[in-house]
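Hello,

Here is the structure we talked about handing over. Please open it next to this message. My notes on its salt bridges follow.

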Amino acid sequence: MTTAVDRFRTAVNTRDLSALEDLFTEEIRLYSPVKFTPFEGRPMVLGLFGVLLRTFEDFRYVGEFAGTAQTSVDGAEAPAAVLLFRTTVNGKEIHGIDMVHLAEDGRIKEFTVMVRPQSAVHALGEAVLAGLVADGLVPTE
């Protein structure tokens with residue numbers, strides 16, 4: 001049986017932004033390592049993924065762990081997966097994880113990204129902000 005997490009990995013690996021739309025709940029929240037408050041709602045999260053798919057160089061998932069975990073939104077225990085990845089942004093190698101929580105209908109309702117090292121977080125933040133501004137998703141600061 002193919003899960004939303006499997007379909008998500010395939011969509012990211014093939015850089016197919018349109019395939020992501022049906023995988024996210026309308027109220028999805030994405031917690032980023034470069035922004036204190038989450039990105040909220042399917043349109044904003046899809047916009048962010050559009051920027052990420054353009055920004056990441058040689059992105060690849062290198063591992064996966066599945067189980068359950070409490071969500072940040074309501075503290076409910078939900079099916080979850082942790083996806084380990086490697087990528088490069090502006091010459092900085094990034095090691096990271098995507099923590100994915102699923103809704104009762106099997107779609108992704110919460111997404112948390114963690115990356116290291118700190119210099120990579122900074123490079124990622126600058127690149128993503130520039131992309132979000134260029135796409136009109138956030139105002140210039």
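Arg-107 and Asp-105 join their side chains in a salt bridge, with 2.8 Å from N to O. This is a predicted model, so please read every value here as computed from it. Arg-107 is partly exposed, at 25% relative accessibility. Asp-105 is partly exposed too, with a relative accessible area of 49%.

The Arg-107 and Asp-105 pair is one of the salt bridges. Two others are worth a look on your screen.

Take Arg-29 and Glu-40. Their side chains meet in a salt bridge at 3.1 Å, N to O. This pair links distant parts of the chain, 11 residues apart. Arg-29 sits in strand E1, residues 24–31. Glu-40 belongs to strand E2, residues 39–40. Is Arg-29 buried or partly exposed? Its relative accessible area is 25%, so Arg-29 is partly exposed. Glu-40 is also partly exposed, at 46% relative accessibility.

Then go to Asp-58 and Arg-60. Here the side chains form a salt bridge with an N to O distance of 3.5 Å. Asp-58 has a relative accessible area of 45% and is partly exposed. Arg-60 counts as partly exposed as well, at 35% relative accessibility.

Why can such pairs form? Side chains of opposite charge can pair when their charged atoms come close.

Best wishes

Methods: Residues numbered from 1 in each chain as written. Predicted model: local features only at pLDDT ≥ 70, side-chain atom pairs only at ≥ 80, totals over all residues. Heavy atoms only, no water. Salt bridge = Lys/Arg side-chain N within 4 Å of Asp/Glu carboxyl O. Helix = DSSP H or I, 4+ residues; strand = E, 2+ residues; numbered from the N terminus. Buried < 20%, exposed > 50% of the residue type's maximum accessible area, 1.4 Å probe, protein only.
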